[in-house]
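Please open the model in your viewer and keep the selection panel at hand. The tour below moves from one selection to the next and says what is to be found at each stop.

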Amino acid sequence: MKHTLSVLLRNQPGVLSRVTGLFSGRGFNIESLCVAETLDPKVSCLTLITSGDNNVIEQITKQLHKLIDVLKVVDIGDGDFVEREMVLIRVSAEAATRAEVLRIIDIFRGKVVDVSPKSYVVEVTGSHAKIEAVINILKPIGIKEIVRTGKIAIARGGAHK
Amino acid sequence: MSQITGAQAIVKCLMEEGVSTIFGYPGGAVIDLYDELMSSPQLTHVLVRHEQAAVHAADGYARVTGEVGVALLTSGPGATNGVTGIATAYMDSIPIVILTGQVPTPLIGNDAFQEVDIVGITRPCTKHNYLVNNRNDLVETIREAFYVAKTGRPGPVLVDLPKDIIKADIDFEDRKPIRLQSYQPTYEPHMGQIDKACRLIMEARKPVLYVGGGVILSNASEELRELALKLDIPVTMTLMGLGSFPGSHDLSMGMLGMHGTYTANMAVAECDLLISVGARFDDRVTGKLDTFATNAKIIHVDIDPTSISKNVSVDVPIVSDCRKALTALNNWFNNRQDISIEDEKSKHQQWFEQIKRWQQQHPLTYIEEGEKIKPQYVVEMLDKLTDGEAIVATEVGQHQMWAAQFYQFNSPRRFLTSGGLGTMGYGLPAAIGAKMARPDKVCIDIAGDASIQMNIQEIATAMQYKCPVKVAILNNRFLGMVRQWQELFYEKRYASTTMDFAPDFVALAKAYGAVGLRATRKSEVEDVIREALAVDTFVLMDFEISREEGVFPMVPAGKSTTEMLLV
Ligand SMILES: Cc1ncc(C[n+]2csc(CCOP(=O)(O)OP(=O)(O)O)c2C)c(N)n1
């Protein structure tokens, strides 16, 4: 089962490697990982997608807590949350397909952010499933390059539980 | 607030922490700190002969005193030599602070001479570590390092000190209470859980206390004793827990696990309640997991939440300091006027009789063979001639298990052994550290002929500091423990386990100016030990033991703990 963990960390040098070292050293897996500063520059927020049964997730959560630099771990998969991913796609846009690419991007509420004679760079944000869908639809037209962010997530309603 | 050098500040911090002895080895990166130590007569610096030994000695010091041990190493190779010691302390949750020198901050990352990323290297084997790259953080970091090392589940903490920071002028601020928002260990048990645990104890007819190093680390022996005696609950200890409950007490079943007693392993297999305190269900204890304590409800007390339900799922988890949890359990029973303690005890009477039967059927034993020296006999003699009062360190191998089985540890902080990592070469430096801390105590390193050679250079340290440690080598001219596995599971193919060459240990001891004694027959053993204990200097005893003696009982790796090979 996939889980999305939101981890607040003291923003110290080497802190990311403490987290990734924990995962590799104990054989837990990381599917994606996203880190950035929070409003408080001394604190970073790391959003991490991992998988495992309940025991594994419990160990991961406890082990993360045990790191001296970790302030808080929330398994946001547990509750109601909004998740977003972003993708930048360089898709071929020849005379025959230019219009179709625009239509597709429009359906996915994406944007064209760069234009050249034979390709567009488009930007799409959304859930993991939506990103997968847009990629699948653009594939036959010709994707030249793709860059994806990891997933970020936030609980709905009030603040962090 | 006053301006002093980084080196002076470090020394002041050590004094604040009550440190009186540190173990180390100098080099370019820490030369300024050493210079400062020379004018700090309140601090004894012990110059070891290899940095690994500095860390083991600090570890031994910490294990016998309960205080934080300190090691000081130079950058690069000095620091990497210390890594085995650090990992050893980490696996056994021993509070030590390791100070390492580092190249000056402007050179970090440039592959400078003797530069190594020791913070990166030790990240997975320290509780926490720091690189001080700002002079204003120096004092606070060292204070925090001590705090982290000794609180919660203790462990080694490393502080990497660049040379320019050691030389810098810094402001020394007064000490403030340390509070880390991201690190707040739970000490107090949850009373609801204590209540649940006590109800399970009341229901049990066949309870067992399974206790580990956590009881020793939290100084909970008295409270453990109170609980066990109050309700007549038999106790088994892990290797790390030996001494937390008196080994010679009627309720003690001795050690459990791979080389545990028949009684302890049978009792755990058949108990209906397992009360685990400060132990972590290590594979050497549980054997095959799906057959471990299958009939039992499990209560698990540990200060580290990650230890709970890691290997075995438990019924009543209690995240707490062991001493506080045991006190709470005792109080629960003490405050219940409606419960008759005598009735509670009598519920365990039949169980206790069963345990006695197991003990009679299969006590710890060995076969005597005339004048051949049996290693178990040597340990028994050491026990007898020191009244079971010595501090015993060990190396790793068969001798370690014989020490655990045949020396009766009746109080905590007497048995120093590398349980988690199993580090050969641990014993001699640990014994030196222990003797420095407790000069009033007899300190013995029970060693194998192979392990002793891993840090044998430390005899020089012992001699220099007039540290009269006694070493007892149970010499089988084999890598005995590995040989035993080869004998049992690899058709006696002794691949690289025969020590075809060894020094003359007695002559070697003499070369260091120490006393060397040898026994080749059983009748000589007692005299050798008496003589060793009588002289106030370092003594190395070489016992030529029966070579292919095995350690029994033995649970083969991966088997159920009831599938024991017996003598
Ligand atoms: C540093 C290190 N290397 C290798 C091992 C693997 N090992 C475990 S016991 C053992 C043999 C120890 O021989 P010795 O010290 O003579 O003790 P004995 O078993 O003969 O009593 C070895 C090689 C280890 N535990 N530690």
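In this predicted model, begin by selecting α1 (15-25), α2 (54-66) and β4 (70-75) of chain A together with α5 (83-91) of chain B, each of which supplies at least two residues to the lining of the second largest pocket. Within that lining, α1(A) gives the most, with five residues. The pocket holds about 1200 Å³ of space, and 40 residues line it, those closest to its centre being A:Q63, A:K66, A:L67, B:Y90 and B:D304.

Next, colour chain B by domain: domain 1 covers 2-172, domain 2 covers 191-361 and domain 3 covers 375-544. Domain 1 and domain 2 of chain B each contribute at least three residues to the lining of the second largest pocket. Now turn to domain 1 and domain 3 of chain B, whose C-alpha centres lie 29 Å apart. Where these two domains meet, 24 residues of domain 1 are in contact with 26 residues of domain 3.

For the next stop, select helix α12 (residues 262-270) and helix α16 (residues 349-361), both of chain B. Two packed helices are described by the angle between their axes and the distance between the axes. Here the angle is about 145 degrees, and the axes of α12(B) and α16(B) are 8 Å apart, while their crossing is right-handed. Show the side chains, and on α12(B) pick out B:Y262, B:T263, B:M266, B:A267 and B:E270, which meet B:W351, B:I355, B:W358, B:Q359 and B:Q361 of α16(B). The residues of this contact comprise six nonpolar, three polar and one charged.

Two backbone details close the tour. Most residues other than glycine have a negative phi, and most peptide bonds are trans.

Technical notes: Residues numbered from 1 in each chain as written. Chains lettered and ligands numbered in written order. Predicted model: local features only at pLDDT ≥ 70, side-chain atom pairs only at ≥ 80, totals over all residues. Heavy atoms only, no water. Axes fitted to C-alpha atoms, helices over the stretch in contact; angles between N-to-C directions. Helix = DSSP H or I, 4+ residues; strand = E, 2+ residues; numbered from the N terminus. Left-handed = near helix turned anticlockwise from the far one by under 90°. Contact = heavy atoms within 4.5 Å. Nonpolar A, V, L, I, M, F, W, Y, C, P; charged D, E, K, R; others polar. 1 Å grid on protein atoms, 1.4 Å probe; cavity = no way out; pocket = protein on both sides within 12 Å on 5 of 7 lines; lining within 4 Å. Points joined across faces, edges and corners; volume = space filled by probe spheres on them. Domains from an automatic or database assignment.
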